[in-house]
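I opened this model with my notebook beside me and looked up a few things in turn. Here are my entries, in the order I made them.

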Number of protein chains: 4
Amino acid sequence: MKFIIEKDYASMSRVAANILLGEMYRDRRVNLAITAGSTPVKMYEYLVEDVKGKDYLTNVHYYNFDEIPVIGENGYGVTMGNLDKLYFSPAAISAEQIHVLDENNYLQQDERIKDDGGLDLILLGIGADGHYCGNLPGTTKFENMTSQVSVDATPGMRDILIEEVGGDASKCPDYYVTMGPASVMQSKRILLFATGAKKAAIIRQAFFGPVTNDVPSSLLQTHPNITILLDEAAAAEIQDLL
Amino acid sequence: MKFIIEKDYASMSRVAANILLGEMYRDRRVNLAITAGSTPVKMYEYLVEDVKGKDYLTNVHYYNFDEIPVIGENGYGVTMGNLDKLYFSPAAISAEQIHVLDENNYLQQDERIKDDGGLDLILLGIGADGHYCGNLPGTTKFENMTSQVSVDATPGMRDILIEEVGGDASKCPDYYVTMGPASVMQSKRILLFATGAKKAAIIRQAFFGPVTNDVPSSLLQTHPNITILLDEAAAAEIQDLL
Amino acid sequence: MKFIIEKDYASMSRVAANILLGEMYRDRRVNLAITAGSTPVKMYEYLVEDVKGKDYLTNVHYYNFDEIPVIGENGYGVTMGNLDKLYFSPAAISAEQIHVLDENNYLQQDERIKDDGGLDLILLGIGADGHYCGNLPGTTKFENMTSQVSVDATPGMRDILIEEVGGDASKCPDYYVTMGPASVMQSKRILLFATGAKKAAIIRQAFFGPVTNDVPSSLLQTHPNITILLDEAAAAEIQDLL
Amino acid sequence: MKFIIEKDYASMSRVAANILLGEMYRDRRVNLAITAGSTPVKMYEYLVEDVKGKDYLTNVHYYNFDEIPVIGENGYGVTMGNLDKLYFSPAAISAEQIHVLDENNYLQQDERIKDDGGLDLILLGIGADGHYCGNLPGTTKFENMTSQVSVDATPGMRDILIEEVGGDASKCPDYYVTMGPASVMQSKRILLFATGAKKAAIIRQAFFGPVTNDVPSSLLQTHPNITILLDEAAAAEIQDLL
């Protein structure tokens, strides 16, 4: 594990963008799985500047690693809708470079990625409960590759999914799909980033505590090429351990 | 995971030697951690032929990944004694290429390997109980780097260690040392091999069952670059899964 | 440059096979460009043993790097006909793994290889005149990618080509095709091998003399990852330089 | 070859910094050879911002690739003096991370770099005469590793060197040292950058013309992993070729 600690959210976001760019400037196909959510908002602002209109970056291919279908709507699910708004549209990424995972093709996700040459990097956020992608405590297990997770997987899951689809229970799907822990671990490199004091406790637990399904991200500490990128607030509880 | 299934012990041993040789023929330093025990006996017979006296292979550096000290004796512990007999002496490997792990330096093992550029490959056997290196059920945990394990770690450990040191209880150490699961996972590549029907059940359990500390090798199924090399007898219970 | 010197043709051929096998045992697509001719005969004998019927090696893809069309005949040209006889047929390599270069598609060869992920290794022989592939003195230049070479390129070329197509002048093509020096240099790794006293002088000239188009293989000494594999007879004139 | 063309000097310098940073953010030792001169001035301004005080970048090691000794002065030669002023001092790089090449140790440069694991990237500028490092037309040859070049190597060399040492002929050395073409080609990756209309003609000649010692940088077009980074002015004469 390599820890990179930056002063604040902005500088952390700049380093995250730099690490992704460092993978992109290659003379070969590059495969990146990237995260939606709130943590990457500023990073995508930076990236859009560096990527938009650059035809020398058409070698970069993008994958989403989870998806929540929205019942009754056509088009993207929650994750791809968010990625499209934050990055793909403003950066004008072409359709040929975007490889959508959804509820219809999730059983092919792992083999498709392998056929494409494997992921060069997967960018992950982390939840205060230790989840990443759709791997929440009580849903997937370490041995799972890309899987579906039922709305009944945990007591609180239905409420989570209703919130994700915008608060309308009629749009709540019966299941979502996610790359599982074993699937994420196949990436050649993992970049996990976190910002803010709310993440300080889980960072210590996930990367310096026991490897247990109760903290799904704890498995990632065993990956041979993982970088943990934090701002000082998120790193507050591990400073004595570095 | 890549599975390689060969007809019998001899052909499996030949492929194991070939995979190691494939790593060795490089124009740079190559770091290999290799296993003692009975599974590799024939592989070392082949390797000695291919390595002995070849000055173009002085770029290869060797590491042992566990050690059982023998009380009252100078010189190598059980593992290094075995490696020396099976390979280092017959292949005439020079002392500069051999990097000994023992009870005195185990706290430096992980940093030393990282400073040396990391392991290019670690060669592992597997026990019928799912252990590899000194990671037996009830001893280390997934999050452990190189560690010591007490003779009191499990009820049967004292008997195991007495047998390992030759049956003489007065030579039994208070603890042995081993690269832990998280430490092994740092290797760029893992090669795990097994022979014979006695290993068939654990192969299925370790690589197609849950990732659990009860089966220490089950963690390895999440490594991004692992090859499982088996003879047909050891692969007997996974043929339906491949 | 890494030099590997083996006692005789048989042991040199065994190491060549081992190096190729070392590339093959991967959990991803592997792209190899391989040579026809007399030098590799024994190596292919070894390889056929190790490769035939092994379904765990279907990840390996093969490319020829030059071709001499035979006028009036359907089917393979001289190079592919030779590779088929020496290796593809006896090793039962499937058609999906064989990527034919010929006079019709040579303008796509470099882009096709790049789209396939690039060559992991190209295996080359060397002529007493310093040629490799179809890069003979007076034909291609260092800056050439895959190109055609006219039967009139050099005074002796027509006779060479007539001999290559079996001695019948009516079968002699107007041109042949070859990966050029710049194209060969794009491979991630180069393995060049030679056997016998007839090659001793050119080995010294090509790898310890000036880089000049007069000795096409002299460019290869600048490649960042090249291995020169020789038997003692071929290495006779460089022993003082190693 | 991958071509990256940016609008102007500032954006080109930003991408150059990003590519170097992309190499730096690794969980292992990283070896970079970097260039002095005027082209990198703005890139170093950016880099200093991103590197200064970042203890997570102490894994990065720096090498200079040429040196002009200044007679009668202690301390750094021309190149290291320039690098120190532009980058090492303002970025507060520690002495342990800086590996000086000079007239006393140049014969060890290639072996030292190889022992250190090889260069991950070498950053090069290009002169209007096609030179890079100290490889000017009429000085080194493609087959040269790190070498010394005499003040009498070419008719104009003495004047060049006097200018380099500040215009005082009494400080002019008898020779300078440089990594030669074959030495530069050993780097795993090459980044060559150029700015301004004065470089437009040589860019076309070096990367789309013949590979010849008359244009030392022409050899670099054969490297398997080279990126050419230009602003639009420097790319003006190759737009029809891309």
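Before starting, I settled one term: two strands count as paired if DSSP finds at least two bridges between them. I also kept in mind that this is a predicted model.

**Entry 1: the sheet of chain A**

With that rule in hand, I went to strand β2 (residues 30–34) of chain A and found it paired with β6(A) in the parallel sense over 2 bridges. Within this pair, A:Leu32 sits opposite A:Leu121 of β6(A).

I then looked to strand β9 (residues 190–194) of chain A, which pairs with β6(A) over 3 bridges, again in the parallel sense. Here A:Ile122 has A:Ile190 in β9(A) as its bridge partner.

Which way do the side chains of β6(A) point? I noted A:Leu121 and A:Leu123 on one side and A:Ile122 and A:Leu124 on the other, all of them buried.

Stepping back, I wrote down the whole order as β1-β10-β9-β6-β2-β3-β5 (chain A), an open sheet of 7 strands with parallel pairing. The edges are β1 (2–6) and β5 (98–99) of chain A; each has a single partner strand, so one side of each is left without a neighbour in the sheet. For β1(A), I found parallel pairing with strand β10 (residues 226–231) of chain A over 5 bridges, with A:Ile5 opposite A:Leu230 in β10(A).

**Entry 2: the cores**

Next I checked the nonpolar cores. The largest has 72 residues, and those with the most contacts inside it are B:Met24, B:Tyr87, C:Met24 and C:Tyr87. Apart from that core lies another of 71 residues, including A:Val48, A:Leu57, D:Leu21 and D:Met43.

What does C:Met24 touch, leaving out residues up to four places away in sequence? My list includes C:Val30, C:Leu32, C:Leu47, C:Val51, C:Asn59 and C:Tyr87.

**Entry 3: where chain B meets chain C**

I turned to this contact last, and it takes 20 residues from chain B and 20 residues from chain C. The two chains bury about 1,900 Å² between them, 44% of it on carbon and sulfur atoms. On the chain B side, B:Lys2, B:Tyr25 and B:Tyr56 lose the most area to chain C, together 35% of what that side buries.

For charged pairs, I counted 4 salt bridges between chain B and chain C. One of them joins B:Glu6 to C:Lys54, with the closest N and O atoms 3.0 Å apart. α1(B) gives the most to the side of chain B that touches chain C, with 6 residues.

Methods:
Residues are numbered from 1 along each chain as its sequence is written. Chains are lettered from A and ligands numbered from 1 in the order in which they are written. This is a predicted model: local features need pLDDT of at least 70, side-chain atom pairs count only at pLDDT 80 or more; totals for chains, interfaces and linings use all residues. Side-chain values use heavy atoms; hydrogens and water are left out. A nonpolar core is a set of buried Ala, Val, Leu, Ile, Met, Phe, Trp, Tyr and Cys residues joined through side-chain atoms within 4.5 Å. Buried means under 20% relative accessible area, exposed over 50%, partly exposed in between (1.4 Å probe, protein chains only). Contact means heavy atoms within 4.5 Å. Helices (H or I, at least four residues) and strands (E, at least two) are DSSP runs, numbered from the N terminus. Buried area is the accessible area (1.4 Å probe) that two parts lose on being put together, summed over both. A salt bridge is a side-chain nitrogen of Lys or Arg within 4 Å of a carboxyl oxygen of Asp or Glu.
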